[in-house]
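Keep the 3D view open and click along as you read.

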Amino acid sequence: MAAPGENLRINSERLWDSLMEMARIGPGVAGGNNRQTLTDADAEGRALFQSWCEAAGCTMGLDTMGNMFARREGTDPDALPVYVGSHLDTQPTGGKYDGVLGVLGGLEILRSLNDLNIRTKHPIVVTNWTNEEGTRYAPAMLSSGVFAGVHAQDWAYDRVDAEGKRFGDELERIGWKGEEEVGARKMHAFFELHIEQGPILEAEGVDIGVVTHGQGLSWTQVTVTGKDSHTGSTPMPMRRNAGLGMARILDKVDEIAWSHKPHAVGAAGHIEVHPNSRNVIPGKAVFTVDFRSPELAVIEDMEARLRTEAQAICDEMGLEVAFEKVGGFDPVAFDEGCVAAVRAAAERLGYSHRNIISGAGHDACWINQVAPTAMVMCPCVDGLSHNEAEEISKDWARAGADVLFHAVVETAEIVE
């Protein structure tokens with residue numbers, strides 16, 4: 001297939017204006033956004049997106065999980081569509097670009113094709129996946145997971161938020177539950193543009209991350225049990241300090257992750273110490289160890305070593321320890337053909353680029369199970385995301401969207 005000419009570019013000012021207009025919906029308290037899934041703000045953002053898509057001549061599909069599909073027709077009615085998109089929902093203290101850049105970057109492709117009067121053989125469909133963040137309804141990437149057959153729809157509908165409100169009920173309440181069967185659509189390919197959510201691209205001065213893999217994830221909840229006792233009157237040899245046991249285990253977690261450098265990572269973000277009193281030696285510590293790697297064998301090794309070494313530490317200290325696997329997914333290798341299209345687009349356009357592994361989960365990770373998939377990443381300031389201070393530059397947004405434009409259009413095949 002013929003590659004698009006290097007003069008083919010998106011309208012970067014229009015893209016930026018759209019990002020800023022969407023950011024007015026569900027504003028945060030510190031310059032970012034709080035547009036959590038299935039809230040009134042989410043409904044308003046969806047309506048704005050739909051109005052833009054219809055103005056661009058698209059038809060809008062809506063499935064039973066609330067996933068939105070804006071379609072620009074191709075010249076071949078039998079050709080499978082090329083899909084592109086991400087998500088419009090945000091964290092409670094989220095930024096203006098996480099997910100949103102991928103959705104509006106996809107819309108900008110359609111608008112720019114209209115401006116240039118370019119037709120493609122394959123239809124192009126821009127997608128807004130429901131509840132990617134998972135902050136209100138766990139797990140993350142919920143609706144793309146149902147689409148890919150990873151989760152059952154009834155199970156997803158029964159997820160509840162902190163106030164006990166069901167996902168299915170809230171989807172109906174905001175008016176964005178469609179009738180189309182989720183997962184019925186077939187894709188020629190899927191592309192997702194996203195901010196890096198890490199510091200590598202900015203630190204190295206690279207314009208584009210060509211995402212080759214997504215890290216696998218393993219969450220193990222560890223419970224260390226000792227004995228509550230007075231910090232002042234309990235002799236050191238007679239203590240059963242669960243907090244100290246946790247500290248020694250966490251030191252091992254760091255050591256285990258370092259042993260698989262450079263791509264493996266590990267830490268504990270969720271930590272509870274009981275009774276959490278100033279003058280009581282902790283009798284119980286509960287914490288979740290988060291291991292990630294692009295290699296399944298590495299994840300399995302880290303999990304096994306955690307259990308072996310934590311058990312040894314606790315045996316030596318007279319503590320009890322229990323382990324529970326509470327979450328995880330296998331690493332993702334994105335489609336070589338789609339990845340090559342992203343890399344070729346960056347080279348054709350003259351943007352600096354490097355291969356990169358996504359450290360976070362994305363809808364593309366689930367869609368990769370049912371269609372050839374790839375991701376494009378652009379830098380973000382200080383690697384900061386899931387924070388209202390999240391920031392990117394207009395140039396970074398333009399470069400990412402240009403590369404997305406070329407990869408999608410080349411895959412959809414320009415009709416001369």
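This is a predicted model: local features need pLDDT of at least 70, side-chain atom pairs count only at pLDDT 80 or more; totals for chains, interfaces and linings use all residues.

We start with a set of residues listed in a database, move on to a helix, and end at a sheet with its helices.

**The listed binding-site residues**
- UniProt, in an unreviewed entry, lists D98, E133 and H386 under "binding site".
- These residues span 289 residues in sequence, yet no two of their C-alpha atoms are more than 9.5 Å apart, so they gather at one spot.
- D98, E133 and H386 are also included in the lining of the largest pocket.
- You'll find E133 in the loop between strand 4 (124–128) and helix 4 (142–147).
- H386 sits in another stretch of chain, the loop between strand 15 (373–378) and helix 12 (394–412).
- Is E133 buried or exposed? E133 has a relative accessible area of 8%, and buried means under 20%, so E133 counts as buried.
- H386 comes out as partly exposed, because its relative accessible area of 39% falls between the 20% and 50% cut-offs.
- Leaving out residues up to four places away in sequence, E133 touches H87, D89, T90, Q91, D98, A140 and H386.
- On the same terms, H386 touches Q91, T93, D98, E133 and Q197.

**Helix 3**
- Helix 3 covers residues 100–116, and at 1.5 Å a residue its 17 residues should span 24 Å; the end C-alpha atoms are 24 Å apart, so the two agree.
- Most of this helix is covered up, with 14 of its 17 residues buried.

**The annotated domain stretch**
- An unreviewed UniProt entry marks residues 215–313 as "domain: Peptidase M20 dimerisation".
- That stretch is 35% helix and 34% strand, and its end C-alpha atoms are 29 Å apart.

- Look for an open sheet of four strands in the order 9-11-7-12, paired antiparallel.
- Strand 9 (265–274) and strand 12 (320–329) are the edge strands, each pairing on one side only.
- Neighbouring strands here are turned by 15° against each other on average, ignoring direction.
- Strand 7 (residues 216–225) and strand 11 (residues 284–293) pair over 10 bridges in the antiparallel sense, and Q221 has T288 in strand 11 as its bridge partner.
- Helix 8 (residues 242–258) packs on the sheet, touching strands 7, 9 and 11, and its direction makes about 5° with that of strand 11.
- Helix 9 (residues 296–317) lies across strands 7, 9, 11 and 12, and runs at about 165° to strand 12.

Notes
Residues are numbered from 1 along each chain as its sequence is written. Side-chain values use heavy atoms; hydrogens and water are left out. Helices (H or I, at least four residues) and strands (E, at least two) are DSSP runs, numbered from the N terminus. The expected span of a helix is 1.5 Å times one less than its number of residues. Buried means under 20% relative accessible area, exposed over 50%, partly exposed in between (1.4 Å probe, protein chains only). UniProt positions are given in the numbering used here, feature names are shortened, and annotations may be inferred rather than shown by experiment. Two strands pair if DSSP finds at least two bridges between them. Axes are lines fitted to C-alpha atoms, for helices over the stretch in contact, and angles run from 0 to 180 degrees between N-to-C directions. Contact means heavy atoms within 4.5 Å. On a 1 Å grid over the protein atoms alone, a cavity is a set of points where a 1.4 Å probe fits but cannot get out, and a pocket is an open set with protein on both sides within 12 Å along at least five of seven lines; lining residues have an atom within 4 Å of a point.
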